[in-house]
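Student: Hi! Could you walk me through this structure? I'm new to this.
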Amino acid sequence: MTKNLRFQSFVTQECTELLKVSDSRGGFALDFSCCVGRFKKVKRSMPQTDKQVCIPPELPELLKQFTKVAIRTQPPDLIQWAAEYFGAMSRGEIPPARERSEQVTLSNWAELTPELLKVLHSRVGGRLIIHADELAQMWKVLNLPTDLFNSVMNVGRFTEEIEWLKFLALACSSLGVTIAKTLKIVCEVLSCDHDGGPPRIPFSTFQFLYTYIAEVDGEISSSHVSRMLNYIEQEVIGPDGLIKVNDFTQNPRVRLE
């Protein structure tokens with residue numbers, strides 16, 4: 001029982017800390033890369049003992065689900081909410097969730113979706129650079145949450161002139177927990193195929209976005225990024241120079257993280 005209590009306390013502490021870090025970098029709504037990085041540090045941060053510490057196989061998924069629900073819920077008292085969350089799970093009850101979603105509905109904010117990002121991308125009109133005020137107005141017209149826009153601006157450290165593809169990549173990261181899922185959404189937004197085929201984008205665009213997202217994540221070495229890009233370019237990309245979603249999500253030799 002004592003060992004289980006220590007483990008539960010450790011999980012709660014880790015989840016609380018990673019969400020505090022996310023909040024300090026611009027709000028709960030965006031910084032999934034920070035959360036993913038925190039997951040990777042769990043093993044290194046666990047208390048050292050004389051015996052080898054075994055990470056429970058269900059821990060990564062437990063942390064991921066907790067983080068997703070907490071980001072969606074936006075509890076005013078995170079520590080109290082975390083205690084209630086894990087308490088409910090230990091009793092086999094449904095944990096508290098979706099309070100934030102209810103608040104968003106009441107305030108008439110639209111939920112960010114790949115479809116709305118595609119609309120936003122079309123309104124940018126192929127420009128590489130866009131002024132912050134103009135983009136903020138486009139965001140407002142689509143009735144998207146202001147706090148999410150501010151989070152993207154803070155994490156990307158954007159000023160008056162915004163590199164649109166970088167902004168788009170970070171906005172997509174609020175919908176995709178992993179880098180692969182984020183890049184999948186980016187491909188769906190940027191793809192111009194209208195024949196019903198799989199979403200695809202130029203490899204040069206994928207290379208730029210993957211490198212940028214990995215830099216923001218901070219947990220992926222540049223050498224790993226280079227190896228993956230070299231393999232994809234030499235072994236996967238065809239004569240058309242395009243990369244499809246399946247090329248990096250279904251290929252077992254492509255591990256983006």
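Predicted model: local features only at pLDDT ≥ 70, side-chain atom pairs only at ≥ 80, totals over all residues.

Student: Okay, how many helices and strands does the chain have?
Tutor: There are 13 helices and 4 strands.

Student: And how much of the chain is buried?
Tutor: Buried residues are 43% of the 257 residues.

Student: Let's look at α4. How far apart are its end C-alpha atoms?
Tutor: They are 18 Å apart. Helix α4 covers residues 78-90, and at 1.5 Å a residue its 13 residues should span 18 Å, so the two values agree.

Student: Which residues of α4 are buried?
Tutor: They are L78, W81, A82, Y85, F86, G87 and A88. Just after the helix, G92 has a positive phi of about 75 degrees.

Student: New topic: how many aromatic pairs are there?
Tutor: The structure holds 13. One of them joins F66 and W81, with 5.5 Å centre to centre and 45 degrees between the planes, which makes the pair tilted.

Student: Which helices do those two lie in?
Tutor: F66 is in α3 (residues 59-73) and W81 is in α4, so the pair ties together parts 15 residues apart in sequence. Both F66 and W81 are buried.

Student: What about F149 and F167, how are their rings arranged?
Tutor: That pair is tilted too, at 5.6 Å centre to centre and 50 degrees between the planes. F149 sits in α8 and F167 in α9, so parts 18 residues apart in sequence are tied together.

Student: Are they buried or exposed?
Tutor: F149 counts as buried because its relative accessibility is 8%, and F167 is buried at 0%.

Definitions and conventions. Residues numbered from 1 in each chain as written. Heavy atoms only, no water. Expected span 1.5 Å × (residues − 1). Buried < 20%, exposed > 50% of the residue type's maximum accessible area, 1.4 Å probe, protein only. Phe/Tyr/Trp six-rings, centres within 6.5 Å; stacked < 30°, edge-to-face > 60°.
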